[in-house]
Amino acid sequence: MPQQSDPQSHALIACENVTKTYIMGTQEVHALRGVSVEFQRGEMTAIMGPSGSGKSTLMNLIGALDVPSSGVLKIENRDLSSLSSDDLAGLRNAKIGFVFQQFNLLARASALTNVKLPLRYSRVPTEDIEARAAHCLELVGLADRMDHRPMQLSGGQQQRVAIARALAGSPSIILADEPTGALDTKTSEEIMALLTDLNAEGITVILVTHEQDVADYAARQLLFRDGEIESDLRGTS
Amino acid sequence: MKIGVALRSAIEALLANPLRSFLTMLGIMIGVASVMAMMAISEGAARQVDAQISALGANNLNIRPGASRRGGRSGGAASDQPFVDATVEALRDEPYVQAVTARINGTGNVVASELNWSTSVQGVNADYFITQDWRADEGRVLDTADINGSEAFAVIGQTIADNLFEGSSAIGQRIRVNNVPLSVIGVLQSKGQSNFGNDRDDVVIIPIGTARNRVLGGHPTTPNYVAAIEVGVTPGYDMELAQEELETRMRTLRRIRAGADDDFRVFNIADFIRARSSTQSTFGVLLAFTAAVSLIVGGVGVMNIMLVSVTERTREIGLRMAIGARQVDILGQFLIEALGLCLIGGVIGSVLGIGAAELASTLGDFPVEISPTIALISIGASVLVGLFFGFFPARRAAQLNPIEALRYD
């Protein structure tokens, strides 16, 4: 049953009957079959579901990396389907911080340079970039590792650098795609604690995972199956 | 697009693979060096031709008698009825004539005290020094009074002065040319080698009357004979028009009936030299073309390595897009990388090209002309190659789908 969404809503992210269809050769793949969901400012949500259930597709749409085949997707009341690819890039830069399973750091660059990267594409004045990037690394507890290259850092530290990079543009949303997928249990706990702290400071966090104990950090859990939302559970964690 | 960001990313990428960057640059370096060397060499050759033309008088038309034909037998070059002093004087008032001089040439044995020297002797009018733009280095040249009086004066070239007077002044000295005593009134400025390889300074110039009557000897049948006429065309006057008008005037003077062939020939020295050097410049164009081909091959190398670089860095491109790089940012980053390769290669190549041109000049003994323009053209060509061959890989990078790029292994 599609949920009713309020047109006057001030939800941070609002999806209304969003579908996404890919053409694979001659076959149409319905990755999302009419999803309506809202994410409020300051929420922390875990999206779960088996592979191919549509959770990654939804993440790509929310991350403004792709546009829906039909339906309406609004971020801060801006309809993404009306935006050009440059506008989408600007929106990603200003509003969204990405955290990936494989960290996706530039191997040749220091931690500080990696964190500076999104700021270089932003409107932040050049002279402020260094200080902001350094501040973000301090927030994730890597003040003493700024000059280290990714190779010289542990997996957990690399993911912290990636989180610092996601924070650099002062985003309202952090999208984390399997953020602990490449980490051991103890490090996973540290990373989830960090994301929870950031959420407590008001940043909306949406993460994709298929580990229940990781999902349990989130107050809200969405379960996807076959391109639709199977359940939307809110609890107190 | 943020130039600073693109520039920094490009430099980081080039330094990440120094050997690969260097090898790619090598292609551009060789291309630019050969373009540069070829341009320097053909420019040098062109300058040499220009220098020869101006040394012989760029605005000069020469008139010589034609080849006589009697009963189908050709008398050889300039065997037709010779010109006379009156022919020269008749041309003097034509509007296109700035200066006109008669000439007869011969050889003479020059003796000064105990030394002697075999040289070329020219009998001329005063205007000769105008048409040839030839001034005295010391003393003076012949003037109209000297010519009209058929004075026993001589103006000598630098080679004669060096060989017969060895440092002491030749002015006022007596010389004997073919046993005729003459006094030296001037030493000419040096003109160096002519286009034909002979020494233009190895000459004694005397009034035409003196040459005809005493030093070289006259024509068996024509008392006031003139072997050739040299016309300096009024500056600004169209050379082809002047040549046509001169031919018409000469036909009247030589009383040639309508329809009959000319018994004289007018030639443009500058055209003659240009025609003579046209094989040389064709060769130059061919060499420049070969050099350009090697530059293009270098460009293909750049394109190849840029495509490899784009493929290798697909995930990086995806990441940059995810965190807010626009297509134009990615395009700029890779374009600047290609441009950087070509520009650095171009600058190093230009230095190598100058070296190669200098080396060729020393070994092959021909002139090279290296100007800032040539260096700018060479480096500019390398930048164009960078833009052209860098664009396709850069556009390919910019058009990647960020989702697929992020997932790329």
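A residue counts as buried if 20 or more other C-beta atoms lie within 10 Å of its own. By that test, buried residues make up 41% of the 409 residues in chain B. The model is predicted.

**Chain B overall**

Chain B contains 13 helices and 14 strands. Its radius of gyration is 33 Å, well over the 22 Å that the globule rule gives for 409 residues, so chain B is more spread out than a compact globule. The C-alpha trace of chain B spans about 100 × 60 × 35 Å along its principal axes. Take the contacts in chain B between residues at least 6 apart in sequence: 81% of them join residues at least 24 apart.

**Where chain B meets chain A**

Contact involves 18 residues of chain B and 18 residues of chain A.

Helix 10 of chain B gives the largest share, five residues. By type, this side of chain B divides into ten nonpolar, two polar and six charged residues.

**A sheet in chain A**

Chain A has an open sheet of six strands, in the order 6-7-8-3-9-10, with mixed pairing. Strand 6 (96-99) and strand 10 (228-234) of chain A are the edge strands; each pairs on one side only. The twist averages 15° from one strand to the next.

Strand 6 of chain A pairs with strand 7 (residues 173-177) of chain A in the parallel sense, over four bridges. A:Gly97 has A:Ile174, in strand 7 of chain A, as its bridge partner.

How values were computed: Residues numbered from 1 in each chain as written. Chains lettered and ligands numbered in written order. Predicted model: local features only at pLDDT ≥ 70, side-chain atom pairs only at ≥ 80, totals over all residues. Helix = DSSP H or I, 4+ residues; strand = E, 2+ residues; numbered from the N terminus. Rg over C-alpha atoms; globule rule 2.2 N^0.38 Å. Buried ≥ 20, exposed ≤ 12 C-beta atoms within 10 Å, placed from the backbone. Contact = placed C-beta atoms within 7 Å. Nonpolar A, V, L, I, M, F, W, Y, C, P; charged D, E, K, R; others polar. Pairing = 2+ DSSP bridges. Axes fitted to C-alpha atoms, helices over the stretch in contact; angles between N-to-C directions.
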